[in-house]
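Please examine the sequence and the structure shown below before reading on.

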Amino acid sequence: MQDSPRQTPYGTAAEWTNSSHRNGVPASPSLERSSTWARSTAQSLRDLGMRAVHDDFYSRYGHPNARAVEAEVAAVEGGAGAVTFASGMSAIHAVFASFAGHGDRVAVARQVYGGVTSLCRHELPRSGVEVDVFDVFEEAEWDRALEAKPRLCWVETPINPTMRLVDLHRLSERCRAAGVPLACDATFAPAPVQSALRSGADLIVHSLTKYYGGHSDVLGGVVVSSHEHCRVIEGFRARTGAILAPDSAWLVQRSLRTHRIRVEEQNRNAARLARDLAETVSPDGVLTAVHHPSLPSHPDHELARAQMPGGFGAVLTLTLGGGYPAAVEAMERLQLVVRAPSLGGVESLVSIPVDSSHVGLDEEGLRLHGIDPGMLRVSVGLEPFESLRSDLFAALGLDA
């Protein structure tokens, strides 16, 4: 007796072998490494070079993997368009350089990432750009900064490493009245945690290295904004060359497929840790403060409830009563949490801000930023919650 044809979920093996399904669409995004694209005629190549038509031409101007990331991140963040870069800092620099040139002014919040402070202190003045620094928590200083007619106002929220928040709605109203675009570094809280664009920012920047990359294996940055702003920034990128490479873009494409579930779980873990650690806080104890917007004790808790509808962020900062020596000692005791800068990966990371994100600030600079030498910044990952909790409590010498 002849065996019956072998069945597959798509029919018999013979039917599957002979069908058009052999040319199916890959389930995973394709990687296009080509630096250039061949054309069938000289005229078609000329049309591309003259920008009479828009298509793949030369990868410094754009390529399929970068465009896919731009489309997806813009959709997630609620923007009209996006422009990707080789790193978060190259994206930040592109925003400043696209809006301000020699003789122009920019307004920059004092409470920002140390890399931005360094850019404003060293590089922008070399281009003839004047930087007006303002305290983001003093509304009178908003007005002072905007009265100088800056070409751009720059803030970040949540703020690294204090986890304070900027009221984007109120600040954007002031900026709009003054005719000044508001740019926001939103790296610490990507959508769906918050949407800085919907809260009023005109442009947002993310380090793709962090939550959008999500696996500590890629460098990248992105600007999300209107088509008008994106065209200007994309032109700057084409002229200066800091585009996200195809391999890096592909890694971000991979990570975007799990972005929401990763971020939601990290946010839940961080809020639970913040709550448990806050119960041990004492003015004279090992832990004197836990900085996380989920806590009712946080100065911006009510603002966070309105501005961060998808969670409160997955970074929490601890202030230790023993100062810097205590922070170092606690860091050395950690067994599970990884001692490294950066954030947003699947693994939990810990760093001391005065040695990493804000290294180089003097005592007065640290005070103005609200940074204590005894701070530990913890980026919460996806480890089992109880294991993560036990590791932190043991390292701090707290009763679990």
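Predicted model: local features only at pLDDT ≥ 70, side-chain atom pairs only at ≥ 80, totals over all residues.

Residues are numbered from 1 along each chain as its sequence is written, and side-chain values use heavy atoms, with hydrogens and water left out.

Two packed helices are described by the angle between their axes and the distance between the axes. Helix 4 (residues 88-99) packs against helix 5 (residues 114-126) at an angle of about 50°, and their axes are 11 Å apart. Helices here are DSSP runs of H or I with at least four residues, strands are runs of E with at least two, and both are numbered from the N terminus. Axes are lines fitted to C-alpha atoms, for helices over the stretch in contact, and angles run from 0 to 180 degrees between N-to-C directions. Helix 4 and helix 5 are therefore oblique to each other; angles under 35 degrees count as roughly parallel, over 145 as roughly antiparallel, 65 to 115 as roughly perpendicular and the rest as oblique. On the side of helix 4, M89, I92, H93 and F96 meet G115, V116, L119, C120 and L124 of helix 5, where contact means heavy atoms within 4.5 Å.

The whole structure contains 21 salt bridges, each defined as a side-chain nitrogen of Lys or Arg within 4 Å of a carboxyl oxygen of Asp or Glu. One of them joins D56 and R67, at 2.6 Å from N to O. D56 lies in the loop between helix 2 (42-49) and helix 3 (64-77), whereas R67 is in helix 3, 11 residues apart. D56 is buried, with a relative accessible area of 11%, and R67 is partly exposed at 39%; buried means under 20% relative accessible area, exposed over 50%, and partly exposed in between (1.4 Å probe, protein chains only).

A further salt bridge connects R164 and D300, whose closest N and O atoms are 2.5 Å apart. R164 lies in the loop between strand 6 (153-156) and helix 7 (168-178), and D300 in the loop between strand 10 (287-291) and helix 11 (301-307), so the pair ties together parts 136 residues apart in sequence. R164 is partly exposed at 25% relative accessible area, while D300 counts as buried at 8%.

Within helix 10 (residues 259-278), E264 and R260 lie 4 residues apart, about one turn of the helix, and their side chains form a salt bridge (3.7 Å, N to O).
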